[in-house]
Amino acid sequence: MSYLYKTKGTCSTLIEVELDGNVVKDVKFTGGCNGNLKAIPKLVQGLTVEQVEEKLSGISCSGRPTSCGDQLAKACRAALDAQNA
């Protein structure tokens, strides 16, 4: 299942999350810091939504209360919730 998540408070503007059950299959960011946003999807591929949340929730960036990683954790949860609805 592919899910589009509109980010809030980050340089990236959109995250596309593809899940296989509760496992992250693929992630694509639109906007943001190119290098970091190529690395993050590789690091979370194969993790469960819960593992992504554990690792990335609450990370801030440049004084902002959120980050692309934090937004990815939210996107994964929203994708899983939509899938299970």
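## Close-up views of a predicted model

**View 1. Three strands make an open sheet.** The strands line up in the order E1-E2-E3, and their pairing is antiparallel. Strand E1 (2-6) and E3 are the edge strands, each pairing on one side only. On average, neighbouring strands of this sheet are turned by 20 degrees against each other, direction ignored. As background, the strands of a sheet pair through backbone hydrogen bonds, either parallel or antiparallel. This is a predicted model, and the protein averages a pLDDT of 96, with 100% of the residues scoring at least 70. Confidence is lowest in helix H1 (residues 34-44), with a mean of 93, and highest in helix H2 (residues 49-56), at 98.

View 2. How many bridges join E1 and E2? The two strands pair in the antiparallel sense over five bridges. Look for Tyr5, whose bridge partner in E2 is Ile15. Five residues lie between the strands of this hairpin, where Gly9 takes a positive phi near 85 degrees.

**View 3. E2 and E3 pair, and two helices pack on the sheet.** Strand E2 (residues 12-20) and E3 pair in the antiparallel sense over eight bridges. Follow Ile15 across to E3 and you reach its bridge partner, Phe29. Helix H1 packs on the sheet, touching E2 and E3, and its direction makes about 170 degrees with that of E3. Helix H3 (residues 68-84) packs on the sheet too, touching E1, E2 and E3; the direction of H3 makes about 45 degrees with that of E2. Back in the strands, Val17 has Val27 as its bridge partner in E3. The hairpin of E2 and E3 has two residues between the strands, and Gly21 there takes a positive phi near 70 degrees.

View 4. Find Asp26 in strand E3 (residues 23-31). Is Asp26 buried, partly exposed or exposed? With a relative accessibility of 27%, Asp26 counts as partly exposed, because buried would mean under 20% and exposed over 50%. Leaving aside residues up to four places away in sequence, Asp26 touches Glu16, Val17 and Glu18. The side chains of Asp26 and Lys28 are joined by a polar contact of 3.4 Å. Now look for Gln45: Asp26 and Gln45 are 19 residues apart in sequence, and their C-alpha atoms are 6.1 Å apart in space.

**View 5. Helix H2 has a buried face.** Which residues of H2 are buried? They are Val49, Val52, Glu53 and Leu56. Seen down the axis of H2, the buried residues fall within an arc of 100 degrees, so they line one face of the helix. Their packing partners are E2, E3, H1 and H3. Turn to the face of H2 that points away from its buried side, and you find the exposed residues Glu54 and Lys55.

**View 6. Positive phi values after H2.** Gly58 follows H2 and has a positive phi, near 85 degrees. Further along, Ser62 sits in the loop between H2 and H3. Ser62 is not a glycine, yet its phi is positive, at about 50 degrees. For context, most residues other than glycine have a negative phi. Is Ser62 buried or exposed? Ser62 counts as exposed, because its relative accessibility is 71%.

Notes:
Residues numbered from 1 in each chain as written. Predicted model: local features only at pLDDT ≥ 70, side-chain atom pairs only at ≥ 80, totals over all residues. Heavy atoms only, no water. Helix = DSSP H or I, 4+ residues; strand = E, 2+ residues; numbered from the N terminus. Buried < 20%, exposed > 50% of the residue type's maximum accessible area, 1.4 Å probe, protein only. Contact = heavy atoms within 4.5 Å. Polar contact = N/O pair within 3.5 Å; in protein donor to acceptor, adjacent residues only side chain to side chain. pLDDT = per-residue confidence, 0-100. Pairing = 2+ DSSP bridges. Axes fitted to C-alpha atoms, helices over the stretch in contact; angles between N-to-C directions. Arc of directions from axis to C-beta.
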